[in-house]
Amino acid sequence: EVIWRGFTHWTMALTGGICLMFIYVIGNSYKSTALWKKCLAGCLIITTAELWVGFVVNILLGWRVWSYSGRFMNFHGLICPLYTFLWFLLCIPANFVCGGIRKLFEKLW
């Protein structure tokens with residue numbers, strides 16, 4: 001996010017960490033599943049997390065951490081198809097990073 005927007009918010013770091021944990025668990029639980037299926041699951045998890053966190057921080061708390069209001073087919077400025085697709089693409093390297101972490105843990109234990 002810092003590379004993309006030039007800044008981030010602590011809620012995004014926390015949300016991203018939780019999403020990465022889910023991507024790790026999916027990759028560990030479904031090792032033989034095709035990468036595209038893992039990425040699809042990951043992008044749906046990220047989009048769902050973005051919807052819930054956005055509802056809390058942007059709507060309930062009014063912090064205005066992000067807004068997709070100008071994006072095509074956005075839902076209350078919280079999620080949109082473009083970013084769901086971008087999360088899919090981001091899940092490709094995330095799966096490889098999680099695989100590397102998994103291998104490191106296997107060597108240590």
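Analyst: Among contacts in the protein chain between residues at least 6 apart in sequence, 55% join residues at least 24 apart; a contact here means heavy atoms within 4.5 Å. The model is predicted, so local features need pLDDT of at least 70 and side-chain atom pairs count only at pLDDT 80 or more, while totals for chains, interfaces and linings use all residues. Residues are numbered from 1 along each chain as its sequence is written, and side-chain values use heavy atoms, with hydrogens and water left out.

The protein chain has 4 helices and 0 strands, in the order α-α-α-α along the sequence. Helices (H or I, at least four residues) and strands (E, at least two) are DSSP runs, numbered from the N terminus. Along the principal axes, the C-alpha atoms fill a box of roughly 45 × 25 × 25 Å. Of the 109 residues, 31% count as buried. Buried means under 20% relative accessible area, exposed over 50%, and partly exposed in between, with a 1.4 Å probe and protein chains only.

Now to the aromatic pairs. The structure holds 6 of them. Rings of Phe, Tyr and Trp (its six-membered ring) pair if their centres lie within 6.5 Å; planes under 30 degrees apart count as stacked, over 60 as edge-to-face and the rest as tilted. The rings of tryptophan 4 and tyrosine 83 have centres 6.4 Å apart and planes at 85°, so this pair is edge-to-face. Because tryptophan 4 lies in helix 1 (residues 2–5) and tyrosine 83 in helix 4 (residues 81–108), the pair ties together parts that are 79 residues apart in sequence. Tryptophan 4 is exposed, at 59% relative accessible area, whereas tyrosine 83 is buried, at 9%.

Another pair joins tyrosine 24 and phenylalanine 105: their ring centres are 6.5 Å apart and their planes at 70°, so this pair is edge-to-face. It links distant parts of the chain, with tyrosine 24 in helix 2 (residues 10–29) and phenylalanine 105 in helix 4, 81 residues apart. Tyrosine 24 is partly exposed, with a relative accessible area of 21%, and phenylalanine 105 is partly exposed at 37%. Tyrosine 24 also has a charge over its ring: arginine 102 lies over the face, at 5.3 Å from the ring centre. A charge sits over a ring if NZ of Lys or CZ of Arg is within 6 Å of the ring centre and within 35 degrees of the ring normal.

Trp4, Tyr68, Tyr83 and Trp87 form one aromatic cluster. The largest pocket holds about 870 Å³ of space. Of the 27 residues that line this pocket, the closest to its centre are Glu1, Gly16, Ile46, Trp87 and Leu90. Helix 1, helix 2, helix 3 (35–60) and helix 4 each give two or more residues to the lining; the largest share, 9 residues, comes from helix 4. On a 1 Å grid over the protein atoms alone, a pocket is an open set of points where a 1.4 Å probe fits, with protein on both sides within 12 Å along at least five of seven lines, and lining residues have an atom within 4 Å of a point. Grid points are joined across faces, edges and corners, and a volume is the space filled by probe spheres set on the points.
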